Amino acid sequence: MIHTITAPRRLRGVISLPGDKSISHRAVLLNAVATGEATVTNFLAGADCLSTIACVQALGVHVERHADTVRVYGAGLRSLREPVDVLNCGNSGTTLRLLAGMLAGQEGLFAVLTGDASLRSRPQRRIVVPLRALGASLDGRDQGDRAPLAVRGARLHGGAYELPIASAQVKSALLLAALFGDGSLTLTGRTDGRDHTERMLAAMGSAIIVDGPTIRLTPPDRPDTLQPLSLRVPGDPSSAAFWWVAAAIHPDAELTTTGVCLNPTRTGALDALRAMGAQIEVTNQRTEGGEPVGDVTVRSSQLHGTVIEGALIPRLIDELPVLALAATCAGGETIIRDAQELRVKETDRIATVAAGLSALGAAVEPTEDGMIIAGGDNLRGATLDSHGDHRLAMTWAIAGLVATGEITLHGAEAVEVSYPEFWHVLRQIGE
Ligand code: S3P
């Protein structure tokens, strides 16, 4: 699908966000092995989370969905059935990695996890190696590094693992596997990725203790001990970030995003934008679904360059494409480093973002672990491609709100993965 985007004179609007993608996945996966019925509202009905629903249904769990309300009828930790076909995770790394962890401890159950070409090209040894250390039997192409992954559920034991990369998907895969083990699991190292799994497990009555960077989970001794958790999924800060950047870089803008998840493991984009001089106001702070939530208003701003690095990176990893766009409009240089994980996302986002920004006339130098953006650019029109990457599609659409010429975007349908209403909202806010 091709979309063309031209710059509107003004941007105004109050935007209620789709549910957070990470929390939507977890709400289905964890409730699928709880005992009882849970209702999840403001569920993100994007392609990734629909893949998760289809997979748990194929594992014999009864799940109903009406628009953004999902009912999950969990039948306990040992209730999953062997699927009769491969489990298709589509474009979703979270579905594949978290399910691999959950299935590793289902004794005797055989399952094959696969996905689209992008997902099949992404590294899996990061979960395969530590899951095997817990006793899991799983393998895949390229010596276990690429999907399709085949899992034969085994009796798992506890243990300790030091996470070498700040990946919430790896951390969550191990915690989900440990639920089915016969001993405690202790995680240390880079446990600083998003903590939604830990919060949800605790709210469901699981014996999980988080002490600074150390996480310890003790599996329940009965299969019916995980309580179902009904919740309203907070708005996705990774989706909100497109509107924050749009408002900050457009000369006449004021946009409010309501009900945004403000979990500190997810608010790095707000910190980076503040450091760049963005005018940001956070109001109406509250708690929803066990997560801090608030409304965020951003107005036209004079941005300046910054350095985005270190512990900030996992807190804004999915927002880096659109933050790089913001940096092209800022005065002075922006340096992004320590972000080598960008190379193994839905696309190699260091290469694809740098190429797209260059096509828009920006001076960008890709590096091994990030990029250097000169800043102060007037972006021009261009023909760009999403390469099937939802966050690239939305980044190029936001570029079209400030570029001097028209942007023609190929592969615009990629937004379906995480933000199906994106094009509708974009049309509404332009005046
Ligand atoms: C996610 C974790 C992050 C993030 C992804 C969603 C999750 O990936 O980029 O979009 O829901 O756990 P990594 O675990 O690979 O860092």
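Predicted model: local features only at pLDDT ≥ 70, side-chain atom pairs only at ≥ 80, totals over all residues.

Author: Residues are numbered from 1 along each chain as its sequence is written, and side-chain values use heavy atoms, with hydrogens and water left out.

Reader: Which strand and which helix each supply at least two residues of the side of domain 1 that touches domain 2?

Author: Helices (H or I, at least four residues) and strands (E, at least two) are DSSP runs, numbered from the N terminus. On the domain 1 side, two elements each give at least two residues: β17 (291–299) and α13 (390–399).

Reader: How much area do domain 1 and domain 2 bury between them?

Author: Buried area is the accessible area (1.4 Å probe) that two parts lose on being put together, summed over both. Carbon and sulfur atoms carry 46% of it here. The total for domain 1 and domain 2 is about 2200 Å².

Reader: How many salt bridges are there between domain 1 and domain 2?

Author: A salt bridge is a side-chain nitrogen of Lys or Arg within 4 Å of a carboxyl oxygen of Asp or Glu. Arg-194 and Asp-318 form a salt bridge, with closest N and O atoms 3.3 Å apart. Between domain 1 and domain 2, the count is five.

Reader: Why does the salt bridge of Glu-431 and Arg-10 tie together parts of the chain, and how many residues apart are they?

Author: The closest N and O atoms of Glu-431 and Arg-10 are 2.6 Å apart. Glu-431 lies in the segment after α14 (422–429), while Arg-10 lies in the loop between β1 (2–5) and β2 (11–16), so the pair joins parts separated in sequence by 421 residues.

Reader: Is Glu-288 buried or exposed?

Author: Glu-288 meets Arg-232 in a salt bridge (3.5 Å, N to O). Buried means under 20% relative accessible area, exposed over 50%, partly exposed in between (1.4 Å probe, protein chains only). Arg-232 is partly exposed at 43%. Glu-288 has 19% relative accessibility, so it counts as buried.

Reader: Which residues does Ser-167 touch, not counting residues up to four places away in sequence?

Author: Ser-167 sits in the loop between β10 (159–163) and α7 (168–178). Ser-167 is buried, with a relative accessible area of 8%. Contact means heavy atoms within 4.5 Å. With residues up to four places away in sequence left out, Ser-167 touches Arg-126 and Arg-190.

Reader: Which residue caps the N-terminal end of α1?

Author: Helix α1 covers residues 21–32, and twelve of its twelve residues are buried. At its N-terminal end, a side-chain oxygen of the capping residue lies 3.1 Å from the backbone nitrogen of Ser-22. That residue is Asp-20.

Reader: Which residues are linked with Arg-122 in a network of salt bridges?

Author: The count of salt bridges comes to 29 by this rule. In the network, Arg-122 is linked with Glu-346, Arg-349 and Asp-389.

Methods: Expected span 1.5 Å × (residues − 1). Polar contact = N/O pair within 3.5 Å; in protein donor to acceptor, adjacent residues only side chain to side chain.
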